[in-house]
Amino acid sequence: MADVLVVAEHRRGELRDVSYEAITAGRELADARGGELHVAVIAGDVDAFAEDLNREGVDAIHTVGNGEEFDHNVYQAAIAALLDRTDAATVVAPNSVNGLDYAPAVAEDRGLPLVTDATGFEYDGGLTVVREMYGSKVETTVDVDGDRHVLTVRGGEWAPAEGVGDATVESVEVDLPESGARVTGFEEVGGGDVDIADADVLVSVGRGIEEEENLELVEGLADALGATLSASRPIVDNGWLPKNRQVGQSGKVVTPDVYIAVGISGAVQHVAGMKGSDTIIAINTDPNAPIFDIADYGIVGNLFEVVPELVDEFA
Amino acid sequence: MKVLVTVKEVAEADDDFAIEGTDIAASDLEYDLNEWDDYAVEAAVQLAEAGIADEVVTVTIGPERAEETIRMALAKGADRAVRVWDDAFEEGFADVAAKVSTLEAVVEAEDPDLVLGGVQAADTGFGATGVALAERIGFEHAAVVNDLDVDADAGVAHVHRELEGGVEELTDVDLPAVLTVQTGLNEPRYASLRGIRQAQRKEIDAKDLGDLGLTAEDVESALAITSMYEPESESDAEIIEGDAGEAAGRLAEVLRDKGVSA
């Protein structure tokens, strides 16, 4: 029997969906180990958060009311304190930018094995985690030594926990050292002339376009279709298109009627930003590209041959 | 100030690949400098060019093969390199703690003020080594940095952390620190011919665990990969067959059906 401690995530006063997904994953692991599910909510309006986090399957909620926003030092100290005062054997955290800012430190500090970006797991006397490697081209199973661990879980892999639970809520005082990392503010990025989230039809371009001057080709397609041009991360990283054109986890989440992915392999961070599109069309040379897993229509072929023909069709 | 950059040579699978045991067949893997680390190297070299860093040292855990990749980092302006490898790494899958133990020993020897590394390695994708290293060596840290301004006199790095959904967190991080660098932080340069020539004369200090005062036990891994397989395709996509013209014609029908037109 061993308990599980899930760490909730919030930003600027709002709980993030990954919190509820992590609760589902945590409950699954707690069930497999015959233990209880604890949830930690740290900083901000913890009492209001605790109310929202009291979903079916949650046994205990621990609130740590230090500070307003995320501070990895506060999170780390709070989690350490909760590991000391509960029987939690495994910490489950979202595999988010903030999750990856404290979970590795928690694992290191406590001498626990760490597995990040889990997409599934099994517990049968020991923990076996499913995760991807080689840019989502393969899945692996990873056996983890020992019966205590830190696990971060990928967003969108577990259904969000629902219902209303009957968790106990307890406020915990944690002594904190002065933090050497101080949040001074937030900035929204990606503003500008175009909001790709408003578009009905998006022509989205990825690494397959190879060179900046080849962008003309997809600009031509967008014109021919009356569509808006968007892009995957590498195009924006290269400075070929501005940040407000980026679709994905760190860019915009879009849900157009039609999304045409041109030369986009479909990395998980990209898919997170466009999987809600009504119709997804993919043009890619690699038949194994993950973009085809979520596409409704696919052309396995060279974009430099297909796109000009498609433009001609609408000329 | 001295900057240590953690650099990994990563493997990328060919479009067609075979799985042998618990890894992709070596013949179906291509090796390259990890994309995220390329941005970390560039950030360090820019700090040197700005007169903020006096020395940029790269550290790699990797076999001799990795020296080609390390030379690329040297050609871009790093001053010298440390490469650690040992038979102990040949067996099994090094977990984060094993890498941290190795890097900790290098940090002790090099005594850097700032450690930069990529957010994650493209092949294993753990995204954890930098933050775990910071905890081990008692440095501050920030993960997923996409804007960096080092004020050496004040001993602070002003960073932006790229959160999800187009939001950046502005954070001041006390030095010494470990920062994990996101792609897009800067524009990594191409190595110049002069840089490539100079890199041939720069030092790559190859060490094994013994040289660092470590043993195989220090890098024992708590993780073992027990299987690797291609994920079952969940695709129910209608694949449009035919040559480019035929496929484009059929796709045009689909698009018109959906009401798409200029």
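Strand β18 (residues 297-300) of chain A runs parallel to strand β15 (residues 238-239) of chain B, and two bridges join them. Here A:Gly298 stands opposite B:Ile239. Strands are DSSP runs of E with at least two residues; helices are runs of H or I with at least four; both are numbered from the N terminus. Two strands count as paired if DSSP finds at least two bridges between them.

The model is predicted: local features need pLDDT of at least 70 and side-chain atom pairs count only at pLDDT 80 or more, while totals for chains, interfaces and linings use all residues. Residues are numbered from 1 along each chain as its sequence is written, and chains are lettered from A and ligands numbered from 1 in the order in which they are written.

## The six-stranded parallel sheet

The β18(A)-β15(B) pair belongs to an open sheet of six strands. Its order is β15(A)-β14(A)-β16(A)-β17(A)-β18(A)-β15(B), with parallel pairing. β15 (228-231) of chain A and β15 of chain B each have a single partner strand, so one side of each is left without a neighbour in the sheet.

Helix α7 (residues 244-257) of chain B lies across β16, β17 (279-284) and β18 of chain A, at about 165° to β18(A). Axes are lines fitted to C-alpha atoms, for helices over the stretch in contact; angles run from 0 to 180 degrees between N-to-C directions.

## The four-stranded antiparallel sheet

Four strands form it, open, in the order β8(A)-β9(A)-β10(A)-β14(B), with antiparallel pairing. The edges are β8 (120-123) of chain A and β14 (223-229) of chain B, each pairing on one side only. From one strand to the next, the twist averages 25°.

Within this sheet, strand β9 (residues 127-133) of chain A and strand β10 (residues 138-144) of chain A pair antiparallel over seven bridges. A:Val130 has A:Thr141 as its bridge partner. Strand β8 of chain A holds A:Glu122. A:Glu122 counts as partly exposed because it has 13 C-beta neighbours inside 10 Å. The cut-offs are 20 or more other C-beta atoms within 10 Å for buried, 12 or fewer for exposed, and partly exposed in between, with C-beta atoms placed from the backbone. A:Glu122 and A:Thr184 are 62 residues apart along the chain, and their C-alpha atoms are separated by 41 Å.

## A covered strand in chain A

Strand β11 (residues 149-153) of chain A has five of its five residues buried. On one side sit A:His149, A:Leu151 and A:Val153; on the other, A:Val150 and A:Thr152. Both faces are covered.

β11(A) has parallel partners. Strand β6 (residues 88-94) of chain A joins it over five bridges, with A:Val91 facing A:Val150 as bridge partner. Strand β7 (residues 114-118) of chain A joins it over three bridges, with A:Val115 paired to A:Leu151.

## Domains of chain A

Chain A divides into domain 1 (3-171) and domain 2 (196-313); these bounds come from an automatic or database domain assignment. Their centres, taken over C-alpha atoms, are 34 Å apart. Five residues from each domain take part in the contact, which requires C-beta atoms, placed from the backbone, within 7 Å. The domain 1 side has no nonpolar residues, four polar and one charged. Ala, Val, Leu, Ile, Met, Phe, Trp, Tyr, Cys and Pro count as nonpolar, Asp, Glu, Lys and Arg as charged, and the others, Gly among them, as polar.

## The chain A-chain B interface

The contact takes 74 residues from chain A and 71 from chain B. Strand β13 (residues 181-188) of chain A gives the largest share of the chain A side, eight residues. That side divides into 31 nonpolar, 19 polar and 24 charged residues.

## Chain B and confidence

Chain B has seven helices and 15 strands. Its C-alpha atoms fill a box of roughly 65 × 45 × 40 Å along the principal axes. Of its 262 residues, 48% are buried. Among its contacts with a separation of 6 or more, 69% link residues 24 or more positions apart.

Chain B averages a pLDDT of 96, and 100% of its residues score at least 70. pLDDT is the predictor's confidence in each residue, from 0 to 100. The model scores ipTM 0.94 and pTM 0.93.

Conventions:
Two residues are in contact if their C-beta atoms, placed from the backbone, lie within 7 Å.
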